[in-house]
Amino acid sequence: MTAAMVPAAPAARRPRGRGGRALPGRLLRLELRHSIVPWLLPLIVALFWFDSFRGSLGGPPLWSVRTFLSLGQGHDVIDFGPLVAGAAAWAGSREFRSHTTDLVTVTPVPRWTARLTAWAATICWIEATFGACIALMYWADAHQVTWGGPPLWPVAAGAAAVAAFTTLGFALGALLPSRFTAPLAAFGAFIALIVSSHIGFDPRSSPYAQILPVNGQGLINYDTGVFYPFQPDVSFDRLIFTGGLILAALGVLGLPRNSGGRTLRRAAAAVTVAGLAATGTAVGLAGTARLEAHGIVIPALHDAASDRPIPYTPVCTSAGIPVCVHPAYRSYLPDVTAALSPVLAQVGGLPGAPVRVTQVPSSYLEPQGAASITGSPPVLRLPLGDLGLPIPVSDDAIFKAQVRLVFVHAFVGAGQGVGGPAQQAVQTALLTRAGVPLSAQPGLTIFSQTPAPAVRAAAGRFAALPAAARHAWLAAHLAALRSGHLTLAQLP
Amino acid sequence: MNVEIADLTRRFGRTEAVAGVDLALGAGVFGLLGPNGAGKTSLLRMLATVIPPSSGTLRLLGRDPGSYSPRREIRRRLGYLPQNLGYYPGFTVAEFVEYFALLKDMPPGRVPAAVATAVERTGLGDKARAKLRTLSGGMLRRAGIAQAIVNEPDLLLLDEPTAGLDPEQRVAFRALLRDLGQRATVIVSTHLVEDVGAACTRVALMNQGKILFYGTPDELTARAAGTDAAGDAPLERGYSAVLAAARTGTGAWS
């Protein structure tokens with residue numbers, strides 16, 4: 001050890017050479033070691049756990065719903081966005097804060113290269129954290145979900161959105177450095193997410209709103225990825241959008257005169273233009289988005305293969321009238337069977353009464369899709385995914401009441417509305433006899449209002465009839481009831 | 001000649017920080033003296049290619065730094081210690097020097113040995129793994145010198161390199177300067193005339209953007225002869241004499 005500065009022993013001049021390919025790797029290693037992001041990891045992970053992770057695990061055991069509750073609505077981006085934008089702005093403004101601008105300026109490695117290396121280190125930490133959080137969440141989900149696999153396109157779109165917040169924050173820090181840049185970047189990201197949430201969750205928003213990362217408009221319903229594949233069009237479009245933003249921001253970093261030579265700056269300009277073009281294209285594509293039965297479709301990005309149904313073998317009960325559900329809903333089968341038994345028992349043997357119950361996919365186009373009884377012999381086609389599945393799977397009275405309601409609704413032929421007064425009265429009576437008290441019925445989805453007094457009175461009379469009398473009346477009048485020609489006065 | 005300057009000027013708004021300087025320097029240690037605001041730092045920053053000149057001709061290491069490719073080649077062979085050294089507090093001394101070695105485009109395979117050599121030469125061998133935030137001002141200055149010399153520069157520009165160094169370190173630093181000056185052009189801007197006297201083969205004295213004197217330290221000392229210039233050491237009296245002559249209008253560029 002020495003405390004004195006010593007002249008070097010005379011030595012042959014070292015040959016000069018360029019850094020070559022190993023340079024970015026070694027610089028990246030140094031940048032990774034000194035990134036600010038690891039200091040923020042506990043906060044980011046805590047936010048993710050509190051918001052996305054708990055939300056996902058609290059959902060029904062379906063990949064579609066769990067992904068929707070965490071990634072589909074953009075909770076992941078909300079958890080990561082502001083913090084990573086601030087951290088990246090801090091990293092981007094490092095030279096300014098540390099007063100090393102002159103030292104770095106007089107080095108031969110282009111500043112664009114040096115900045116891209118610092119950006120790469122920041123993004124590596126952030127994306128690794130994002131990936132670990134998602135992997136952990138999906139690992140926990142996989143222990144409860146019994147069928148299928150997680151949709152990965154929303155993960156890619158989320159990762160790209162997080163990368164975009166990182167890159168925009170970094171560019172802001174590098175190009176407009178000040179002590180306030182990092183908090184301003186974080187606050188700006190927070191405001192952007194609030195605006196995105198405000199527009200993205202508004203059902204009156206235009207199709208262009210689909211491009212926003214925080215968005216709850218029709219991306220996923222319960223049966224997404226169950227009967228039909230997840231439609232990746234919107235996720236892919238968001239990937240193009242955020243990828244374009246990332247490219248544009250990285251390109252802008254290389255535009256200042258001190259960023260490098262003319263060739264490098266031209267390349268940076270080309271990257272910027274390409275990024276902006278991609279962003280504009282993605283926005284344009286979002287404008288063509290339309291809602292179809294299995295999800296949002298963007299024609300230019302749509303793959304017809306994702307319209308093909310996913311093959312499956314239904315899970316059925318063997319006792320009584322068979323009830324069959326998709327294997328993804330296996331855990332709901334006992335509840336569905338138990339819910340239907342009291343109403344099926346009331347109508348069993350009637351001409352037109354279902355001899356089988358089978359689950360059908362719910363549709364994006366009919367969010368409150370009604371069940372139907374069709375075919376010969378008649379089959380109750382039940383869109384379970386529309387019924388607000390209980391969390392966790394349990395003896396949930398509301399869920400069972402909903403199942404009974406959609407059945408009696410289909411049975412009297414009420415269609416999409418609440419049905420005529422006579423149909424309402426019969427539905428009310430059947431529900432009452434099946435154990436759903438009249439007072440609870442207005443809370444059910446289809447009966448959003450309390451039936452009129454005359455309907456309630458007729459329902460009371462009909463419910464008070466002996467079971468055999470009701471059965472006989474229904475056998476004689478079911479066709480007329482379904483056609484909507486009966487009046488309340490014609491009920492017994 | 002590693003440095004060739006003709007009528008070099010640098011303006012900041014209406015202020016002319018460097019006003020028509022001419023210099024030609026080969027290998028050796030060259031001292032740049034002058035009072036505060038004389039233009040030393042601006043001249044050094046132009047030589048370091050941090051800022052471009054407003055007018056005049058500048059050639060460094062036989063190249064014109066006005067164009068990108070030659071400037072890049074110059075920077076590959078340049079070492080620079082700014083007056084206000086910035087640093088990354090979380091880096092260790094070795095990492096700090098390695099970082100700039102990599103940015104100086106050194107072959108990565110040679111970087112570890114070069115870093116070790118630079119750190120040893122500045123007497124920081126036992127502090128190589130210490131975080132910069134834990135170092136004293138003098139040690140930070142030495143870390144700055146280490147990053148400046150890590151690429152064995154042909155042109156080394158040091159702005160107030162001995163600020164914060166204790167007397168023992170300054171003596172050692174002068175020895176290092178003399179060693180470096182055997183093959184490279186070393187330009188040292190300083191207020192401390194004893195550094196110039198001990199280490200520099202040539203010296204220039206700047207005031208108000210102009211060079212008032214250029215010669216050997218002995219010649220500067222000789223300027224005090226026959227005057228009542230103030231100063232504790234002969235070189236200081238020469239320095240004062242040149243400045244006093246300039247203020248009374250009798251001084252002349254030598």
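Of the 492 residues of chain A, 48% count as buried. This is a predicted model, and every value below is computed from it. Chain A contains 16 helices and seven strands. Take the contacts in chain A between residues at least 6 apart in sequence: 73% of them join residues at least 24 apart.

Now turn to chain B. Nine helices and nine strands make up its secondary structure. Its radius of gyration is 18 Å, close to the 18 Å that the globule rule gives for 254 residues, so chain B is as compact as a globular protein of that length. The C-alpha trace of chain B spans about 55 × 40 × 35 Å along its principal axes. Buried residues account for 55% of the 254 residues in chain B. Among contacts in chain B with a separation of 6 or more, 62% come from residues 24 or more positions apart.

Next comes the sheet of chain B. Strands of a sheet pair through backbone hydrogen bonds, either parallel or antiparallel.

Start with β6(B). Strand β5 (residues 78-81) of chain B pairs with β6(B) in the parallel sense, over four bridges. Here Leu78(B) stands opposite Leu155(B) in β6(B). Strand β7 (residues 185-189) of chain B also runs parallel to β6(B), and five bridges join the two. Leu157(B) has Ile187(B) of β7(B) as its bridge partner. Between these strands, the chain crosses from β6(B) through helix α6 (residues 167-180) of chain B to β7(B). This β-α-β crossover is right-handed.

How many residues of strand β6 (residues 155-159) of chain B are buried? Five of the five are, so the strand is largely enclosed by the rest of the structure. Leu155(B), Leu157(B) and Asp159(B) point one way from β6(B), while Leu156(B) and Leu158(B) point the other way. All of these residues are buried, Asp159(B) included.

The antiparallel part involves strand β8 (residues 202-207) of chain B, which five bridges join to β9(B). Gly215(B) in β9(B) is the bridge partner of Val203(B).

Finally, the nonpolar cores. The largest has 159 residues, and those touching the most other members are Val162(A), Val97(B), Val186(B) and Leu205(B). This core therefore draws on both chains, since its named members carry A and B labels. Helix α8 (residues 153-175) of chain A gives the most to this core, with 14 residues. Which residues does Val162(A) contact, leaving aside its neighbours within four places in sequence? They are Val77(A), Phe80(A), Gly81(A), Val84(A), Ile126(A) and Phe130(A). A second, separate core holds 55 residues, including Trp63(A), Leu382(A), Leu387(A) and Ala459(A).

How values were computed. Residues numbered from 1 in each chain as written. Chains lettered and ligands numbered in written order. Predicted model: local features only at pLDDT ≥ 70, side-chain atom pairs only at ≥ 80, totals over all residues. Rg over C-alpha atoms; globule rule 2.2 N^0.38 Å. Buried ≥ 20, exposed ≤ 12 C-beta atoms within 10 Å, placed from the backbone. Contact = placed C-beta atoms within 7 Å. Pairing = 2+ DSSP bridges. Right-handed = clockwise from strand over helix to strand, strands pointing away. Core = buried A, V, L, I, M, F, W, Y, C linked by C-beta atoms within 7 Å.
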